[in-house]
Structures are given as C-alpha cells and as structure tokens.
Amino acid sequence: MAVVGAAALTLSALLGVPSAAAQNQFPGPDEIVTSPNVKHLANIPATAPLKGSGATGSDLAFSGDYAIAGNYLGFTIYDIKNPKAPTIASQVLCPGSQNDVSVTGNLLFLSTDSRRSDNSCSSVAQNDGTKPYWEGMKIFDISDKRNPRYIKAVETDCGSHTHTLVPDKRGRDVYIYVSSYSPASNISKCLPPHDKITIIKVPLRNPGAAEIVATPNLFPDGGNAGRGSSADIYVPYVVPTSGCHDITVFASKNLAAGACMGDGVLMDISDREKPRVINRVQDDDHFAFWHSATFNNAGTKVIFTDELGGGGGATCNAKIGPTRGANGIYDITGRGDQRALEFRSFYKIDRYQTENENCVAHNGSLLPVPGRDIMVQAWYSGGVQLVDYTNSSQPKEIGFFERGPAAVAGEGGGVWSAYYYNGYIYANGLGKGFDVLEINDPATDPAKSYRWTELNAQTQTTYGS
C-alpha cells in the first residue's frame, strides 16, 4: 500500500485549495493511495459469472452479517462476518442493468432498467422498443443466503433505474418508490411525458401479492426544461427533468429528498402512497444532473450530488473546477409545508484525476457519529472520501482511499457505492469488485459502537432507532 502526499492533501483540504500533490502526483496503474487514517483491508475481485462483458458493479445493501452487491449481470451476497476476510455466499446471474438492490427481512428487491425479452433471469436484451419486452422490479427470497429464490416481478413504465424501500407505519407492508427517466417516442412503454414515480406496495407476509398502487406526478409543470448539450462537459449544461434518478427517504420524519435530473425536491411522505413535493430547487449554473441525496441524522440537511458527465467523464480537474460535479449542501429551514432547501456550500474532492479517469460525486452514506454530520462517499475513479459537513458552510475532508488508473484497458473505472456498516466501509467497484476499508480517526471512532441489523443507504433511520 502506498501513501502519496497524504499530509499535503489533508492540509489542502483544510485550506480549501488543491495541493501540489493533488494537482501533479497521480498514483500509478491500480496503485492504492490512502490518507494515513484509512486502511485497505480486503478485496474480492469481480468473479464469474458476474464478470467480463456486460458486468458492472453497482449498489450495496446490508442484512446482518451479509452485504448484497448489485451488478448489471445480477447480484452477489458476501459473508462479512469477518470483515477482514469476506467470502462469497452466493451469486445470482440475472442480467438487467443496473440491478439496484435493497433488502428488508428475507426479501431482496432488484431493479431492472433495460428492455428484456421477459421477466426471467434467463432473459435476453430486447432493444427494439416496439417489440414485446419487460423491465421493472424483481423480488427474491434470501432467507437462505446461499440459495436465493426468485418469487415475483412487477413491471413498471420506463423500468426501474433505482428504487427506494419505504417502510409503512404499521410494519405490515413496505413500499417501493421506483425512479426511472428518459422516455422516448419510440419506446412503447416509456412514452413522454414521464414526470412521475411508480409506487409498489409489498405485503411482507405475502410478497407475491406486490402490486403498483400509485404513479404520482411530481412535476405537473414538466420540471426543469434543461439547457445545452451534455456532449461537452466543460460547457455548463442541464439535463431536462423527465422523472427522478434517485430518492432517499427518512421515514420516521415523513420526509423524502428526490434527485430528479434537473431538479432537487423535498417531499412530505406522511401518506406513503401520496408523496407531496413541498419545495423544489434548481441550480442551472452548477448542477448538470441531480443524482442522489443524503439527509443528516437530524433531518435538517440534505446533500445532493451532481453526476456531471453521467459517471463517464473526467470532471475532477482544474478546468471543471470545485463547484461542478460536486456535492451541494442544503439546510432545511422552516416548518411543515413551509420547509425549504437553502443552499450553504459545495464540496468536491481536491485530488485531481487524470484526463482518462472518470470522477464525479456518487453514492454514499452517513457514519453514526452522535452530534456530527460525517459522510463516506464514492467518487468513481476518485475513490472513496470521508467528509465532515457538521458546519454546512465549511465541509472538510477527514480521509480517503483511491486507486490509480485501471491497469487493464477497458475495465470499468472506480467505486460506484461506498457505505459505512458496523465499523467498516464497504465499497462496490465498477470493475474491481468488492473492497473493505477501515478508518481509525478520533472524529469517526464513536461510530464503531453502533450496530445495524440492516442497512439500505436510501432508507435512512435515526441512530439507535
């Protein structure tokens, strides 16, 4: 393990400017670089049948001593009882990008956002939208982690790019908020306008009875009309709103934050089947694509990410700058329907990447540190970043992990999702497989005493609940 310019990098983060190391020193191919307080403990490389052509690692969910990792070709269940030596419990080949995952009890939910010949795990791509095809949500029984069982499919318009698990208030059902976008006139089941989400109700005792119960229109005015073209990431552009990319809920507070392409929204979800937008923000000068959202533990802040370049662009450099492809930190002010999102600051990693490395803000989660707002986050080839944003106007780096450019030509670049779970950081890479990290720092050490039995990063709960 190599540590390059760690002291300079930490100092530069405190000063808010890129250091010489950040600007000029790049790790070699596949070389691991960390801050002094972060250790790389383990890696399980991408493994057949979920490797090779079409394989891309995606999101993570956690249940007991297991981590479930999505992949465009299916999903893997890792046994993490010993985080320093994780093992594969099972793998399921079930193609259908991007296979976003969430879990509750013995149920696993899997998103399919590509047109398939049918809803089975042996389906093939059906790219002609005028022919019969299927896309939507799949449900698995994972009571036996070594032998998951497929039990139900629910078709949804425009598929399911991501989804969010929302517990009901009685504990009898869960709701799935399905996010999808990019309708087109030549796709029969994904016609414009598409300003809605799809809500699926799943009876926990009878998941086979899962069904769509609502398709609320979040943008009656059509949402952000967009601006410019994404062909040149150096010219500020805005993707028009045609649905949502991702939604994070804070069920105990009846709140949700939607990252919806050209719009960031705050929703009241007191009625799970009738979410209401109570505030909406746009930032056409800085946000190209509102991608994901994370509340703080008090439910008084939201971090929105901007996926400038769609995850494939080299945006961590001086030309793009520190306020695009970054996090936007918003405080929630007011009460009731008068609550509003008020911008406080941007945060972006200060370690420049090469022009061949995709790097932009992506999926992360909170560390359960009482009284502090600390987040771990994936940045594709920018690696994994830990940030303290307790002061919304002055976020600061705590630590990081990254690899140099991929040594294998064409290999998917960097980390898709990075989440803190029961004392360790787990990361799912686009091409490198599954990583386990540990941070040892006075700012984050209190998190080690907290234990989850289950974690879906987009379904937030108050520490201790």
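Thr 390 sits in the loop between strand E25 and strand E26 (396–403), with helices (H or I, at least four residues) and strands (E, at least two) taken as DSSP runs and numbered from the N terminus. The model is predicted: local features need pLDDT of at least 70, side-chain atom pairs count only at pLDDT 80 or more, and totals for chains, interfaces and linings use all residues. Residues are numbered from 1 along each chain as its sequence is written, and side-chain values use heavy atoms, with hydrogens and water left out.

At a relative accessible area of 32%, Thr 390 is partly exposed; on this scale buried means under 20% relative accessible area, exposed over 50%, and partly exposed in between (1.4 Å probe, protein chains only). Not counting residues up to four places away in sequence, Thr 390 touches Lys 301, Gly 371, Arg 372 and Asp 373, where contact means heavy atoms within 4.5 Å. Its C-alpha atom is separated by 31 Å from that of Gly 57, 333 residues apart along the chain.

E25 is largely enclosed by the rest of the structure, because five of its five residues are buried. Val 384, Leu 386 and Asp 388 point one way from the strand, Gln 385 and Val 387 point the other way, and all are buried. Five bridges join E24 to E25 in an antiparallel arrangement, with Val 376 as the bridge partner of Leu 386. Five bridges also join E25 to E26, again antiparallel, and here Asp 388 is partnered by Lys 396.

E24 and E25 form a hairpin with five residues between them, and Tyr 380 in the turn has a positive phi of about 50 degrees. Tyr 380 is buried, with a relative accessible area of 4%. A second residue with this kind of backbone is Met 261, which has a positive phi of about 70 degrees although it is not a glycine. Met 261 is placed in the loop between strand E16 (255–260) and strand E17 (263–268), and is buried at a relative accessible area of 2%. For context, most residues other than glycine have a negative phi, and most peptide bonds are trans.

Cis peptide bonds deserve a look as well. The bond from Ala 48 to Pro 49 is cis, with omega near 10 degrees, and Pro 49 lies in the loop between strand E2 (38–44) and strand E3 (57–63). Another cis peptide bond joins Ser 97 and Gln 98, with omega about -5 degrees; Gln 98 is found in strand E7 (residues 98–104).

In the largest nonpolar core, which holds 44 residues, Phe 62, Val 384, Ile 425, Tyr 426 and Phe 434 touch the most other members. The largest share of this core, five residues, comes from strand E27 (residues 415–421). Apart from it lies another core, of 17 residues, among them Leu 266, Ile 278, Phe 304 and Ile 332. A nonpolar core is a set of buried Ala, Val, Leu, Ile, Met, Phe, Trp, Tyr and Cys residues joined through side-chain atoms within 4.5 Å. Leaving aside neighbours within four places in sequence, the contacts of Val 384 include Val 376, Phe 400, Ile 425 and Leu 437.

Strand E5 (residues 74–79) is mostly covered, with six of its six residues buried. Gly 74, Thr 76 and Tyr 78 lie on one side, and Phe 75, Ile 77 and Asp 79 on the other. Six bridges join strand E4 (residues 66–71) to E5, and the two run antiparallel; Tyr 66 stands opposite Asp 79. A hairpin joins E4 to E5 through two residues. E5 also pairs in the antiparallel sense with strand E6 (residues 87–93), over six bridges, and Tyr 78 stands opposite Ile 88.

Conventions
Pairing = 2+ DSSP bridges.
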